[in-house]
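Trainee: I would like to learn how to read a ligand site. Please show me on an example.

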Amino acid sequence: MSDIKQITHHIGGKVWDAKNANLAGQDTKQPRQGDVFNPATGQITGKVDFASVELVDYAIEVATKAQAQWRDTSLAKRTQVLFAFREILNARKEEVAALITAEHGKVLSDALGEVTRGLEVVEFACGIPHLLKGSYSEGVSTDIDVYSIRQPVGVSAIISPFNFPAMVPMWFFPIAIAAGNAVIIKPSEKDPSPINLIAEFWKEAGLPDGVFNVVHGDKVAVDRLLEHPGIASISFVGSTSIARYIYENGTKNGKRVQALGGAKNHMLVLPDADLDLAADAAVNAGFGSAGERCMAISALVVVEPVADELISKISSRMTQLKTGDGTKGSDMGPLVTAVHRDKVASYVDAGVNEGARLVVDGRNPQVSGAADGFWLGPTLFDQVTPDMSIYQDEIFGPVLSVIRVKSYEEGLALINKHQYGNGTAIFTNDGGAARRFQNEVQVGMIGINVPIPVPTAYYSFGGWKNSLFGDTHAHGTEGVHFFTRGKVVTSRWLDPSHGGINLGFPQNR
Ligand code: NAD
């Protein structure tokens with residue numbers, strides 16, 4: 001038992017200590033807890049505390065007090081903290097990556113890539129003085145000026161999924177904090193440690209206590225964040241059913257909500273594409289992070305007559321992939337939990353039963369890792385049709401489905417009909433076809449010969465249809481907009497010439 005790490009909340013700049021708390025909830029007695037696994041060994045490595053309603057209320061109280069001061073801290077001082085945080089995160093990113101691999105299972109290089117993409121958003125947020133600049137119009141009427149300003153919304157809740165335990169929270173909190181808000185993060189209970197280390201980095205960077213808080217837990221914590229009047233905005237990322245729930249309930253309670261949901265990303269390959277590059281891209285984007293990426297390619301739509309050739313190139317590349325412990329130089333790690341591995345494997349069974357052709361079967365993989373790890377090897381299906389569950393559902397595992405079509409139009413129609421619209425890619429050497437695709441496809445993020453088109457931090461990330469509920473995408477200028485509210489000021493500095501009574505509606509003169 002002594003090897004089991006105890007993981008708890010981080011509130012008001014401190015690791016939560018139930019003994020010092022004066023709360024009514026069960027956190028002071030026996031907290032509810034969840035198991036944290038090392039997916040590569042299948043062993044329980046940690047126990048994470050689950051917050052009660054009272055603990056969430058306490059975190060909101062702490063954050064509200066801290067935000068009142070932080071919003072009045074000058075941009076110069078706020079930016080200094082951001083720069084300091086950037087330096088610490090950059091210097092210690094390997095530590096964050098190691099925690100990600102230990103609890104999520106993705107290979108170390110991939111975990112490091114995740115932290116680096118999050119770091120980009122921190123760097124973007126360092127430019128907040130420029131991003132918050134308003135506009136000014138002199139003399140809109142005689143002696144009257146008008147200007148606009150943007151102010152923080154207050155306390156922002158961020159609820160994140162297991163698959164990017166560092167990057168997804170970093171899509172939001174650097175901008176929220178830079179803009180003068182306090183944040184409460186409710187990370188996934190499956191890999192809760194990376195965000196606690198990040199909380200320590202903020203403390204070291206000089207962020208005032210209470211501006212960055214972490215509350216671990218489950219639906220109890222999430223529901224309290226959704227209903228508490230002290231929460232101004234909610235940024236959620238996770239499965240579509242929960243995203244819809246968050247959006248409906250958060251907006252009903254008067255909150256600003258951006259809720260990013262699931263995905264089924266299609267890669268359309270035209271016959272003129274370089275098939276070697278397309279095969280590399282399909283393998284990288286299909287099986288990287290064991291397919292547990294919201295921008296993973298899971299549906300490969302191939303315009304005939306090149307499907308046989310492309311499938312052969314993909315399957316030969318798949319034989320080279322090493323599945324195993326993410327700390328030991330593998331290409332692909334385990335899935336996050338045994339339950340998730342079994343769910344993904346059940347889709348492989350379903351594909352076979354529904355009549356798809358199983359080209360590569362990952363159900364009994366050769367792995368370099370412990371026998372009890374949550375393993376599933378890369379899997380490839382051909383002859384998948386739109387009515388099959390392996391095409392319709394988000395599988396979120398290393399399963400790639402090939403759908404053969406006769407034309408660009410047929411492929412496009414398929415993509416546009418799907419319920420998800422997160423990311424998509426086209427592989428072609430025809431600039432006109434690519435341009436037509438970017439215009440016609442109903443998806444939020446598009447790659448042209450780029451399989452995982454995650455926008456850089458100064459653009460915004462987000463899908464269409466059931467992949468995003470709300471009006472605002474993550475980071476970039478849309479992120480700045482989400483975490484601030486606009487005001488417009490009409491001002492006149494009085495002198496005696498401005499006197500006189502006039503009950504008419506003000507007009508510009
Ligand atoms: P999830 O929906 O199970 O969990 C997400 C968060 O919601 C977690 O913090 C979890 O604790 C909480 N939660 C779970 N059940 C809840 C409930 N009943 N009520 C309230 N809160 C609840 O998602 P996951 O399995 O952690 O992550 C995988 C999903 O996230 C996939 O669907 C993936 O596509 C999606 N995702 C989307 C994006 C995107 O940008 N669109 C990015 C990353 C992940």
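Predicted model: local features only at pLDDT ≥ 70, side-chain atom pairs only at ≥ 80, totals over all residues.

Trainee: Which residues come nearest to the ligand?
Mentor: A residue is near a molecule if one of its heavy atoms lies within 4 Å of it. Here 27 residues are around the ligand, and Lys186, Glu189, Ser239, Gly261 and Glu394 come nearest. By class, this shell has 14 nonpolar, nine polar and four charged residues; Ala, Val, Leu, Ile, Met, Phe, Trp, Tyr, Cys and Pro count as nonpolar, Asp, Glu, Lys and Arg as charged, and the others, Gly among them, as polar.

Trainee: Which polar side-chain atom lies 2.7 Å from an oxygen atom of the ligand?
Mentor: A polar contact is a pair of N or O atoms within 3.5 Å. The side-chain atom belongs to Lys186. Backbone atoms take part too: an N or O atom of Phe162 lies 3.0 Å from a ligand oxygen, and a polar one of Gly238 is 3.4 Å from a ligand oxygen.

Trainee: How much of the ligand does the protein cover?
Mentor: Accessible areas come from the Shrake-Rupley method with a 1.4 Å probe. On its own the ligand has 840 Å² of accessible area, and the protein covers 88% of that.

Trainee: Where is the cis peptide bond?
Mentor: The cis bond joins Glu304 and Pro305, with omega about 20 degrees.

Trainee: Which residue other than glycine has a positive phi?
Mentor: Asp143 has a phi near 65 degrees.

Notes: Residues numbered from 1 in each chain as written. Heavy atoms only, no water. Polar contact = N/O pair within 3.5 Å; in protein donor to acceptor, adjacent residues only side chain to side chain.
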